[in-house]
Amino acid sequence: MLFMADTTAAVQFTALGPDGSPIDGADGRLADFYAYPDDLQTCWVRGNMIASLDGGATAGGKAGGLAGAGDRSMFGLMRHAADVILVGAATVRVENYSGAQVPLTARHERQRRGQAEVPPIAVVTRSGNLDPDALFFTRTEAPPLILTCADSVADTKKRLGAVAEVLNASGPRSDSVDNATALQLLAERGLFRVLTEGGPLLLSQLIADDLLDELCLTIAPILAGGAARRIASGAGEVHTKMRPAHLLSDDQGYLYTRYVRAR
């Protein structure tokens, strides 16, 4: 008779459940879970994404279709902690982005940390093809940053220069944005605490370029089915080791995970 080795005996598991200490949404301790490292001199890139139980990144074509009240609260909390919010142009269009909205109490905390009251949104776009009349430009307190490539920067400045700061973020290739160059431009402006909200294409590129320092992934208690895409994909395969920083849950069954790059 063949016996399988009891591999579980060598692994330590931790049971997570409803017995943990509850944290009220207004409790300052919640913000502590998402504090960035101190004394940053280079960009620290945090990804914030949501996925269904079966791995879908969208419902009805939008990430917002998976969100609940708790996830929207975490979304705001992470924005309030960031120096800059980094997104892809497709996400701006699909999710109908506007500028970050920061309540008074969060503005005071940001001032205390030496941050601007409202974080700007930086958009990665090779073409610069954004509508200057969109909410992204008309409903914001902080003018956006447009990170485009050398081939498009002059035309983009003509169309968007009055409503945004347009920057050349090309690296060796003039027809594409280099993510490392984009982050260097943000760092030169003192925008070290970077929050990227995707979409999947930008997140995939940051992972492939080995530029993602942590991932905050909300797992929605929803089965999406269909052809919903993953939060990241791509031709190249990577194997970046991450370590868990925390796991939270709410009364609707959402899980809030935070994984940081293993050093």
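Beyond residues up to four places away in sequence, I231 touches M49, I50, A51, A57, P200, L203, L215 and L217, where contact means heavy atoms within 4.5 Å. This is a predicted model, in which local features need pLDDT of at least 70 and side-chain atom pairs count only at pLDDT 80 or more, while totals for chains, interfaces and linings use all residues. Residues are numbered from 1 along each chain as its sequence is written, and side-chain values use heavy atoms, with hydrogens and water left out.

## Helix α7

Helices are DSSP runs (H or I, at least four residues), numbered from the N terminus. In helix α7, residues 179-188, the buried positions are N179, A182, L183, L185, L186 and A187; buried means under 20% relative accessible area with a 1.4 Å probe, protein chains only. Just after α7, G190 adopts a positive phi of about 75°.

## S204 in helix α8

S204 belongs to helix α8 (residues 200-208) and counts as buried because its relative accessibility is 10%. Its side chain reaches the backbone oxygen of P200 at 2.6 Å. A polar atom of that S204 side chain also lies 2.7 Å from the backbone nitrogen of S233. Apart from neighbours within four places in sequence, S204 is in contact with A232 and S233.

Terms used: Buried means under 20% relative accessible area, exposed over 50%, partly exposed in between (1.4 Å probe, protein chains only). Helices (H or I, at least four residues) and strands (E, at least two) are DSSP runs, numbered from the N terminus. A polar contact is a pair of N or O atoms within 3.5 Å; within protein, one must be able to donate a hydrogen and the other to accept it, and residues adjacent in sequence count only if both atoms are side-chain atoms.
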